[in-house]
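Let's take a walk through a protein model together. Have a look at the sequence and the structure first, and then we will go through some of its parts.

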Amino acid sequence: MNPRSVWLLIWLALWLASVPAARADDGATARPQAENVALGKSVLFNTTPNDGSATDPDDVLQLVDGRLSPATPMWYDKSTVGWALVDPTVFTIDLGAVHPIRGVALHMGAGQAGVEWPSSIQIYVSDDGERYSHVGNLMELLATRPPAAGYASFWLVADKLETHGRFVKFVCSPINLGTGAYIMLDEVEIYRGEAAWLDRPLVWPAAPEQWRANRQEIQWRDNTATTPYAERPTRLLVVDGTAEQGREGPLQQAVLGDSGMSFTVLGEAGRPRSMSWSATLPEAISTAKCRYALLTFRAEGIRRTYAPQPIVSLEGVSDKASGNSVTLLEANMALNDGLSHTLTRPLPEGFTLRQLKVMLPTENDAPRLTLERLELLGSPPEVFNTEIATGGTAPREGLAAVELGAALDGSLADWHERVLAKYGIAFDGARALPAGRIEVSGVPFAIAPGERNLALMPDSAEENERVQFLGQTVDSRNLGPTSRDDTLSVDVDATAREAYLLLALAAPPVQTRGGLPYTALRLDDIECIAVELTYDRGRSETAFPYSLADRGCYLPARELGAYAVAVDPTRRLKKISLHSHQFGLSFALAGLTLNTSDTALTPQLAAFPAPEYTVRHPEPPARPVAVTVQGQRLTLSNRWYEYSFDLSGGFALDRFVNRTNSAATIQLAPSSGLRLRVGDTVYTGRCFEAGVIRTTPTAAELRLTSTRPELPLEIAVTITAHDSPELSFAVETRNLGDEPLAAELCLPALDGLTIGDLAQTRLFFPQYRTVDTAENIALRAPYGPEFAGQFMDVYSRPAGIGLMVRTDNREQRMANFTLRKDAGGVAGGVYFPAEFNELDPGAGRTYPPVSLFAHGGDWHAAFDLYRNWVRSWYQPYKSQDEDYFLNAWDLQCYRVFRQSSRRTGRGSSWTRSSPSRSSASAMCPT
């Protein structure tokens, strides 16, 4: 052997000695010296192993073959059995006969590559495989705990079970820290105990005929450790000069209130976040006699997910099924309306409930899920729509029930069974209503006696055939989708002001809309259902029902609800007809009531909202551009505006005057001007020392130097006042430190902005499906397909003025547009994300200019300003000025201008047309 080889072997030996060995017998000393009765026995995988590196056809033999994996980590050896992204993993060992059981041991690997030790491993035993008794959680019974850090293959051992059984079931819940959820296992041992234990009865949970969750007795804990890092709520520390906010207070809360247990998550809008909570019941509950679950809840700010995600579930073990969880409510089923809804679901046979679990996925900054009521029932609830009052109600003057008579050909009980059988869940309904007068959402209805108390609408089957299209055989329903027109009519012959319908709906609780994930069912157009009102002399009109419970013209997945349509009281109503147009939906009528009085019970049906006019002001008189510095105050003004910056304590935009209406009160928080985020800390402009470098007749150059030692940053700002409504900001940053610095920059930043009255300060946010609202709301969108424009607006119609924010981002740099309105006013701006703007030591970066525009009017004025700016530089690309493009059908429908431009030697000319439909979200100058 040559010297080089000798030295190589010596080096390899030293290196191997320095690496901690993953010994296959780690934790083996805790294993009892007893017979392993699981060796060579049968294994049933209730959830199939699926990890590619560890799974093979022999998995069913390898858990009890007595062989340990020699690989490090163990999942590189096919003798390991692995599950990835499965929660829970469930498997059962059949010992062939009933044995006394002293203990169990699982040999597992974890500690690297996202594989963590399980959060729980529940152990269940059964003599007959029909009914399982809970023994305990192996992770809480461990004789020796696995190492806290680093990879190890380890025996997880429990040695004091003192039970018996033929079948031993393990329910394993993995930990997911954002890099995956894994269970990696290569051997299971079950140890024989003492024969006397065979005479001990197994412990069975109570099996009540009815159970109601006592909110005061249930203690919730959040599952932060099992929430992926990327989705955990983020604590933002806001540093505003010497003041700091955000250090205290929980980010996730489970709070018991008068209406129920409410779960909330704090954080940023537009960023996916989640949190889950679990609660162990004081005593386990068997559903042997309780076959239905009833849940009343309220939801706001739930994020829709492409894969089904439970947000309320029952956790335990099922004797008959593979899982240990029963989903009550999925994320995509919950309406984000903040209203109370009740659902009922059948429960699987032989389920033992041990825990409750709540998951709250969100992109909202104020989500809330409230559990108002949870019950387990032995039979389906008769009424679970909280809007229904079945007690004897006194007749109300002017409200007359219409006999449905011969139209009644079905029963509410059969309808309810149909919904549960087909969809496995029913929302806001009733199985059986007593005959006679009931009240739904404050409206009396008459329920017919006997089994026939429902008028069924015909339900045509969708026709389909295989046809040839472009040389391929396809379904005709996909080639040319058709509607149906099934009709249910009721003769009325009365004069009325309103008609109230007690409608039953059978429909899936979720629907698809375009490319969006499955979302909660919301029917809101006459392609779903229409109400035809036929008057005397053959005249008729079509209406869409108004939901009294939901306070809007839409139908959610409500099995039974009261709806209203306005009726012309000057004509005699002869007939009411329901028209069903969409396949997959079924409707029926349980009651019809007419309002024959002179007063509308639902005035919003016939009342048109008063039009909101924007106050118009004359253009302000001519005034020269002025840039002044007086002490520590910088002011830039022209005929359109005046902006004032307080530089005494940093950089703060604290005064704004729109000269179109100088009398309007405009408020700005002193934290306006600059927002800079580094990691989870936000710094305002008052964390900088501001100095004016020089001024010109139209501009001011400033240098902002950080006063925070942890933020070695310098910002150069040039603010330019134009002879127009525009005030522009050009920004350059420089890293003065010795380490790379990644910062998210927003300058100018708005905070606490109010124009006139806060309630009438509106936001215009032209993302996909443009938002124009005065509500409290948080809006965030990245520049790109969903936010193709480069502007947004804050305005007030009564004041007749607004403030637009616009970028000149022709290089299409990454930017996030953000607006938020709350009780403190409007905050937001254009944010340039940190991940795209990292600065090396000593390096600088220039950002796309951002401008503020003071305008008179509403969002139309802002849109005109933006459009005129785009016209000044935009040239059509390739086909955009060709006739075949300009005459395309979709552009004819949605564009504002018939011609984008015509290239001539003198530039571009524009021709205005009267579009068939203008779109506020058409950001291009078409």
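Which residue just after α4 takes a positive phi? It is G424, with a phi of about 70 degrees. Before going on, please note that this is a predicted model, in which local features need pLDDT of at least 70 and side-chain atom pairs count only at pLDDT 80 or more, while totals for chains, interfaces and linings use all residues. Residues are numbered from 1 along each chain as its sequence is written, and side-chain values use heavy atoms, with hydrogens and water left out.

Now to the helix itself. Helices (DSSP runs of H or I, at least four residues) and strands (runs of E, at least two) are numbered from the N terminus. Helix α4 covers residues 412-423. The expected span is 1.5 Å times one less than the number of residues.

Which residues of α4 are buried? They are L412, W415, H416, V419 and L420; buried means under 20% relative accessible area, exposed over 50%, and partly exposed in between, with a 1.4 Å probe and protein chains only. Seen down the axis of α4, these buried residues fall within an arc of 130 degrees, so they line one face of the helix. The arc is taken from the directions from the helix axis to the C-beta atoms. An α-helix has 3.6 residues a turn, so residues three or four places apart point the same way. On the face of α4 turned away from the buried side sit the exposed residues D414, A421 and K422.

Helix α6 (residues 859-871) passes the same kind of check: its 13 residues should span 18 Å, and its end C-alpha atoms are 18 Å apart. Among its buried residues are W859, F863, Y866 and W869. The cover over the buried residues of α6 includes strands β55, β56, β58, β59 and β64.

Next, find the open sheet of four strands, in the order β42-β43-β44-β45 with antiparallel pairing. Two strands pair if DSSP finds at least two bridges between them. The edge strands, β42 and β45, each pair on one side only. Strands β43 and β44 pair over five bridges, and T635 has S644 in β44 as its bridge partner.

Definitions and conventions:
Contact means heavy atoms within 4.5 Å.
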